[in-house]
Amino acid sequence: MPYTRRLTSITLLSMGVSALALTANAFETTTPPVPPEFPAEAKVTYVPRDSILEFKALDSYSQPDWVGKFEEAGKLPPLKERLPEEPLVYKTGNMPDGIGVYGDTLRHVVGGRPEGWNYIAGQSQGWGGIDIALSECLTRTAPLFQVEADETEPLPNLAKSWEWSEDGHKLTMHLVKGAKWSDGEAFNADDVMFYWEDAVLDPQVSPLGGGASPEAFGEGTTLAKIDDYTVEWTFKTPFPKQYLYSMSYPNFCPGPSHMLKPEHPKYSDNTYNQFKNAFPPEYMNMPVMGAWVPVEYRPDDIIVLRRNPFYWKVDEEGHQLPYINELHYKLSTWADRDVQAVAGSGDLSNLEQPENFVASLKRAADPEAPARLAFGPRLIGYNLLMNFSGNGWGNPDEREQAVRELNRNLKFRQAVTSALDRKAIGDSLVKGPFTAIYPGGLSSGTSFYDRASTVYYPFDLEAAKTALKEIGLEDTDNDGFVNFPAGTAGGKNVEIVVLVNNGYTTDKSLAEGLVGQMAKLGIRLVINALDSNQRDSAHYSGRFDWAVRRNSTELSSVVQNTEQLAPVGPRTSWNHRAPEGKELDIMPFEKEMAEVVNRFIGSQDNGEKAGLMKDYQKLYTENLYTIGLTEYPGALIINKRFSNVPAGTPIYMFNWAEDSIIRERMYVSADKQGDYELFPEQLPGKPGDGGPIN
């Protein structure tokens, strides 16, 4: 069918927001119900920001005795030559259990599978904290959950310090001088500039995490090398301190340019696909700035990381970190991660699938249980994302395009949200005071949440059905499902494909519940369940009608990845991006949201920021930018033998708990250490060699 004729046939479906204003009152709105009390929530001990770490030279440094043997054999330079001039020093006062001892293994279980080690080209290492163990970024935010709100600003990391110009348009960053990659090569500004110029700015490269686009650092922002250890940012907006959060994980974690640059198409004959896959998971000893290095990969079995002898962080007594020698990532399922952590055969898990809550609580209540379990605030939320692109993101066919026109219709979104029985959705996952009714938008666990600014459409199936009729969707063939109008998508049933992460039971359970609830409305849903890597690829390329998605950090912390709160650029929104070479076909309310977000990013006034987020929340929930499904707390499961785990660590706020607990300073007392190391007294070998060396 010609495109112009199709547009004419779906006039009713694509009614704009203003045209719907007269009938919007058909849906009664209210504030969401008050979430039930949850007494199991652990409490955080708040500390000053500067009590966590500092950069300074110490009088002396030490390392495990067995690492010293590598020095004696001439296989390693002396420790002082491996450390920066001023290492990052973790302060003892902020360590819950103080200075640690060397040894032992931290055993993880993950449901993902690694694609390879080229993080900056978008390759997944399997998630579950693997990439966080390998990558270091310019700034760090995960430990900020314990910092008072008025002091919340990203911590220094690879950028040890920074200062603003008098007019606030320039930010000069000083990198850690003398830090080295795990193969001994120098880390410097060339690594930072390669990441910026040949990953962030290259439209053919998509760093892992999806947020490292030019828009994440501000429209028109530039970055320049001043010298080997100094870079200078130039911003259009004065003092945009918000972008310091964008320089943390996962958006600004440079890769080893001495390894990656020769493989990049700009500097070689490789295609972008060859560049992305140049370092497959079988490639061992990939240089990293993180505390551990990949030394063993057995498909569908395990990934093993060993301590990085060039790691650039120490404690106040000069012990080179990490304390823990080896990290294991058993390749299993995400549900098995919880089971093994509770049983003691795994050491760490983010209990985030509510189907496992009750059994895990019962097991942890046993005094002899090997693991302790601590719940945090309700920061895990699930949204139904509708693809809003009407001009080609993902190359939609006729049916998909018709669905997108529906998605862009406010009355259609109102019908969908009103047809959801959210109490039943939560109870289907777990009964008890865990889940709460969530209309979408900011998490109720963040300090920016304001219930009075949150618009909630209560469950009203009959009103939802009436709304569908008003926009021309009726069951014309009497099979129980509404049809497109004649001339649109062949007048067939309104069939919508829902993208789902196949690796998580919760995601699939929510999708299956949606199928049943939407069937009552007369809409046929088809689940497209893909494994994590394939799901991410489909999502980022716009190949979805709807998607069930667990919220990212911007809805829980607000100050991190803030640009992802709205389509402030062509690649910032999770459900509305522009196809290559085109502009966003942005809707009026989205434009308002983007303006609010940009004002929030540029504001230096905390009171103004709080007010802007109230405006944002109202725009989001009233216009149903996404449709909330449910929210609930998560719990950190950690084996009792580990020390230096901060109280009340949320499993997900600024980042995942694997980063928040600062694994490089965790330790196991000598009397509690187990015999778990697979490669005792061995260090990573040369890049590309078969594994560790002894």
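Which residue takes a positive phi in the hairpin of strand 10 and strand 11? Asp 300 does, with a phi near 60°, and this hairpin has three residues between its strands. Helices (H or I, at least four residues) and strands (E, at least two) are DSSP runs, numbered from the N terminus.

This is a predicted model, in which local features need pLDDT of at least 70, side-chain atom pairs count only at pLDDT 80 or more, and totals for chains, interfaces and linings use all residues. Residues are numbered from 1 along each chain as its sequence is written, and side-chain values use heavy atoms, leaving out hydrogens and water.

Strand 11, residues 302–307, has six of its six residues buried (under 20% relative accessible area; exposed is over 50% and partly exposed in between, with a 1.4 Å probe and protein chains only). Two strands pair if DSSP finds at least two bridges between them.

Now for helix 16. In this helix, Thr 506, Asp 507, Leu 510, Ala 511, Leu 514, Gln 517, Met 518 and Leu 521 are buried. They lie on the same side of helix 16 because they cover an arc of only 130° around the axis, taken from the directions from the helix axis to the C-beta atoms. On the other side, Glu 512 and Lys 520 are exposed. Just after helix 16, Gly 522 takes a positive phi of about 100°.
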